[in-house]
Amino acid sequence: MRTSTKLLYIILGIIIIVNLIPVDRNNPPIKKDIQTPANVKALLKKACYDCHSNETIWPLYSYIAPASWLVSGDVANGRKHLNFSEWDDTKADKVLEEIWEEIEENKMPLKIYTYLHPNSILTLNDKQIIKEWAKTVNSK
């Protein structure tokens, strides 16, 4: 067998083996979902929920290593920082302020996410809707 064929088999074997490593792609039960007007909820779902809720839609590439490791890690990290499915009303004021800051500074949604999910990009109008909602909730 030629060296290049052996190398190809070795690489193929490594790819198969790394894809057998389990990756956490679970969606735990929703404890308490954030309550928002329907238009705000739609914006949050399109731009935020895949990483910041227990309602993640796992795309095909999230099942193929090494992308699966990156996606799983990003979702775990996103849920750790903010999880709309485990909403805590007692921290709402601070969290809403942080949400708006991240959006206003174009830190969220992440650029890598918007490249793969262009429909998640927030328009200026979308941002204005979120801003007004966050200000209204914070003024109560």
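Just after helix α5, Asn106 takes a positive phi of about 55°. This is a predicted model, in which local features need pLDDT of at least 70 and side-chain atom pairs count only at pLDDT 80 or more, while totals for chains, interfaces and linings use all residues. Residues are numbered from 1 along each chain as its sequence is written, and side-chain values use heavy atoms, with hydrogens and water left out. The protein chain has seven helices and zero strands; helices (H or I, at least four residues) and strands (E, at least two) are DSSP runs, numbered from the N terminus.

**Overall form**

- In sequence order, the elements of the protein chain give the pattern α-α-α-α-α-α-α.
- The protein chain is more spread out than a compact globule, because its radius of gyration is 19 Å, well over the 14 Å that the globule rule gives for 140 residues. The radius is taken over C-alpha atoms, and the rule is 2.2 Å times the number of residues to the power 0.38.
- The C-alpha trace of the protein chain spans about 75 × 30 × 20 Å along its principal axes.
- Of the 140 residues in the protein chain, 34% are buried (buried means under 20% relative accessible area, exposed over 50%, partly exposed in between, with a 1.4 Å probe and protein chains only).
- Among contacts in the protein chain with a separation of 6 or more, 72% come from residues 24 or more positions apart (a contact means heavy atoms within 4.5 Å).

**Helix α5**

- Helix α5 covers residues 92-104, and its 13 residues should span 18 Å at 1.5 Å a residue, which agrees with the 18 Å between its end C-alpha atoms. The expected span is 1.5 Å times one less than the number of residues.
- The residues Ala92, Leu96, Ile99, Trp100 and Ile103 of α5 are buried. They lie on the same side of α5, because they cover an arc of only 95° around the axis (the arc is that of the directions from the helix axis to the C-beta atoms).
- An α-helix has 3.6 residues a turn, so residues three or four places apart point the same way.

**Aromatic cluster**

- The structure holds two aromatic pairs. In one of them, Tyr49 and Phe84 are stacked, because their ring centres are 5.4 Å apart and their planes lie at 10°. This pair links distant parts of the chain, 35 residues apart: Tyr49 belongs to helix α3 (residues 49-52) and Phe84 to the loop between α4 (67-81) and α5.
- Phe84 counts as buried at 0% relative accessibility. Phe84 and Trp87 are also stacked, with ring centres 6.0 Å apart and planes at 15°.
- Rings of Phe, Tyr and Trp (its six-membered ring) pair if their centres lie within 6.5 Å; planes under 30 degrees apart count as stacked, over 60 as edge-to-face and the rest as tilted.
- Tyr49 is buried at 2% relative accessibility, and both Phe84 and Trp87 are buried.
- Ring pairs join Tyr49, Phe84 and Trp87 into a cluster.

**Cysteines**

- The structure contains zero disulfides (a disulfide is a pair of cysteine sulfur atoms within 2.5 Å).
- The sulfur of Cys48 has its closest cysteine sulfur in Cys51, 9.2 Å away, which is too far for a bond.
- Cys48 is buried, with a relative accessible area of 13%, and Cys51 counts as buried at 18% relative accessibility.

**Ile11**

- Ile11 lies in helix α1 (residues 3-18) and counts as partly exposed at 44% relative accessibility.
- From C-alpha to C-alpha, Ile11 and Trp58 are 26 Å apart in space, and they are 47 residues apart in sequence.
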